[in-house]
Amino acid sequence: MKGLLSKIGNKLATVADDIASYNAGAPELSNQSGTGKRPVVASAQQQLTHSDPVLEHLIRNVRSNNVRRHFFQALKASPATYTQKKDVRVLAASYNTNGKKPPASLDLAAWLGLWAGDWPPGDAEVAGAAKDLPDIVCVGFQEIVPLSAGNVMIGSATHNLEAWDRAIGKFLNGEAWATQEYGPLTADGSIQRDPSSAVISQLDQGWSGQQQGGSGGGAVASSGGAAAAAASAPGPHVPATFKQVACKQLVGTYISTWVRASLLPHVKGVQVTHVATGFGGYLGNKGAVVVRVQVYDSPIVFVNSHLSAGSQDGDEAKRNADVAEILKRTDFSFNGDAPGAMASPSAFLVSATLGAGHWGPMKGIADHGNAIWMGDLNYRIAPSVLPDEEARKHLRAGRLQPLLEADQLCREMKGGRVFEGWREGPITFAPTFKFKVGTHHYLGEPLPVSASTKSVVADGDAAAAEGTQEGGGGSDDEEGGAEKQRKRTPAWCDRVLWLPLRGELHQLAYSRSEIIASDHKPVCAAFLWQPRHYERRKLESLLEEARRAADREAAAARPRCTLDPIMVECATSGAPLAYGEARTFCVRINNTGPVPGLWHFVPPPSGLGLDDDGPALPPWLTASPPEGMVPAGGSTEVEVTFCVQGGTSVSSVLADDEAASKASSGNAASNSARAQFLELFRIVILRVEDGGDLFLTLQGRYAGSFMGMPLAKLAALGAAPAARDAAQDAQALITSSGSAAAAEDVSKQGPLYTLLTGLGVAKGSVSQLVPKELLHLACWLLQEPARLATAGLIAHSASEVLGVTPGAGVTAGAAVTATGAQFSNSGQPAVMAVTGDTGVWSDTARVRDLVKVLEPLRAVIDQGKGLAEGGAAVTPHTVTALLLAVFAELSQPLIPLTLASACDTKVPSHHHAMSVLAASLNHHELASLNHLLAVATAVTAAQPEAVAGIAATLAAVLMPHVAHGGAAPEAVANRVALMQQLLGVHVAPA
């Protein structure tokens, strides 16, 4: 087996080298000009002299250079008047776990709680900021899973990640919280799973053809589920003192970041990314995972890395090159990795609620000014400076200084060849590598006859760990041979460094822990971070004073502008605005002043003050141009267009209507009049720089439509038609859809029916969750088999309705491969052509044209009438296009972004897809999606050759990120394959 793995490793290295040789942009690793120094990220210091991105965001609506000039002069004169320094305690810790999960008896207090009770007081605003624990805990792991060829090349295992996160959570929040969030532990340290996922598991078994019940494994699963159920019986909710806000895995390198819950209101902008520097410079057996976050108004970056191994002279150059690559290739400019890249769903959900940060030009590690770098950096004792036997003699005598003088990292940093500008605290602890697992003895040192293994790991766990790791089996022991492993010179492989460019980070302590679960000792460092906090009220006061100063300076020369008219009423013979209908009106800006006026629309004032990110115009209104200049003594025209189309604008109108209804709940006459239409009303602010604000009142009436409405609200209408001015109820629409039993039969054909019933929806009532409008369109298509056999149905329905060439907007016949997948019914690689109507559904203008062409059918449905009254406009293609348009016009794609992002690397499993859908969609959305897929399944049964085009079109409608050029061809293919999987074409992991 070892020989086979060695051959595989050699082959992988060869392939990786071939890949690297074709990379024309690969960095040059040699020294420049023979100076022995590497390029430094010098731009970081230059960028810090620029305006702070947070400050720029707070004054983003100040466009007058005169106001800005006075404002920045005031800032420079008295920075202490508007800036506070907060005290945030930070713990950075690193541990190479040698591929092991934490033993059941492991107590992290001896590592993460090393300075419990000694921390300085935290910020007074952060409740519970006592001396026992810090405010931010960032833990970096290396070899958290074994660095096997399978984990590196095929896909990283995640079985140990949750176990270590649970151990951290137990230390920070207590055992009760850890059991509540992760489940109880078994005797071997594994997490005992909660049976709440039984519905998804049963679906997954049914999908793969496994038998339910019976003897053998089924009985074991049943008893295990019962035990888990008993162990996770409901109890009082345990609140979290700390919450995980970020995590990221790169094979064996993993970072987990936790923040005190009371500090979370001041945290935003959490992002993660990674850089692989392994075989050939691009595989993940070595590299770094990176987190950045904004606390108060300062940024900080946490880096966890595992660098190249090797204990010979010259091997430090490989590690220097790894550091240079990580600094060069870490790039947050594209918002880091996709949100779904976090290994923990709970961390992703917490980070998603914190809001976006304001980063400006900052994208690399050093650009942020505050950074902490931890990990197994693998720097050794230089053998040419201090041979092994001499190093061991000094170590036995307790003399660390000779070893530190031979430490490769100290020598490289002192020579300016790596980590230039970074700092490391004084090392007062013994080397952290390499130990005989389960003991405190370095490998190669003789063990006492009665060696005691007193530590934070129980004796049994230590013995088990020793038995599995005798002689050292870590992936960094690439030299091979028991003799060389026994003679491994002790070294400080595990380090914590920091970058002090902003002068905000101050190290308080630096030490190692005595945990013996690995051949490494974990290290940790305590920091006091003093991020700045801009006092908004004082900034607003300074900004107001700057405006007054600019006013006084330009009192004799400023624009004087007026609007004509000051009110625009959207009405055509009293008719309300229909869905997708655009009405445009002209507003004139007149300037009687002696200087030109720069104008633009700004958001209305709110309680958020400078932090308000709201839009200047409501979603149902556009202005052309949205900003400009009105000449001195002249005028300019602005066209404002009313158009309610798309879920965002419809939701805005519905929200305004609900607010108006609550405000006038006691006025029966008002309620009765309002029932005839939806009110469009907004006062928008047009700001003229140096000339004050102008106010434009806009009002109109919207008839209402089922298009763009949230599916739950649409279903809640019951028998009421979607159009407010309908002359009758929608009973005809409901009756013409067929019997309830027939509708339920359609639901049963959908792939999500079992999921819905497993989530508690009663059998026989799934179709009742589907809005009547969607039910009617679907049932009409399914009533006649000939309709399902219409050529190009779904795949090219939109093109047929618009009269354009099918597939316009995409490369005809472009073939891509679904990564890591194969069709289980053929055994062939999943190669598909991206066909269908992706070109139509990706083009907003074409979707608007489609909605306009379908207006006669939409109006019939809105009025509560059946398609029987649609006349010649009713065809299989028009009905199908209207059904797809309903889903395309929702405010958010129905397939969650987390599931779409999972397709970036491979086709998600059926179990994963069902889990995400169940957790992300409400019952009305699931039932509606199920009905659409039932129709698509019926069409593919009638036209099996069209499955690729149908799946591509559905992917474009339900996952529009496919069609907007935001995904690589492989990711597009994986998403299309996911849709085929939902349609019954099984796609199994390779």
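## Salt bridges and an open sheet

Glu544, Glu545, Arg547, Arg548 and Arg552 are linked in a network of salt bridges, a salt bridge being a side-chain nitrogen of Lys or Arg within 4 Å of a carboxyl oxygen of Asp or Glu. The model is predicted, so local features need pLDDT of at least 70 and side-chain atom pairs pLDDT 80 or more, while totals for chains, interfaces and linings use all residues. Residues are numbered from 1 along each chain as its sequence is written, and side-chain values use heavy atoms, with hydrogens and water left out.

A search of the whole structure finds 37 salt bridges, including these pairs:

| Pair | N to O distance |
|---|---|
| Arginine 682 and aspartate 656 | 2.7 Å |
| Glutamate 773 and lysine 772 | 3.1 Å |
| Arginine 858 and aspartate 862 | 2.5 Å |

Arginine 682 lies in strand E21 (residues 678–688) and aspartate 656 in helix H18 (residues 647–663), so this pair ties together parts that are 26 residues apart in sequence; helices (H or I, at least four residues) and strands (E, at least two) are DSSP runs, numbered from the N terminus. Arginine 682 is partly exposed, at 24% relative accessible area, where buried means under 20%, exposed over 50% and partly exposed in between (1.4 Å probe, protein chains only). Both arginine 858 and aspartate 862 are buried, and both lie in helix H29 (residues 855–862), 4 residues apart.

An open sheet of 6 strands, with mixed pairing, has the order E4-E5-E3-E2-E12-E11, and two strands pair if DSSP finds at least two bridges between them. Strands E4 (242–250) and E11 (505–512) stand at the edges, each with a single partner strand, so one side of each is left without a neighbour in the sheet.
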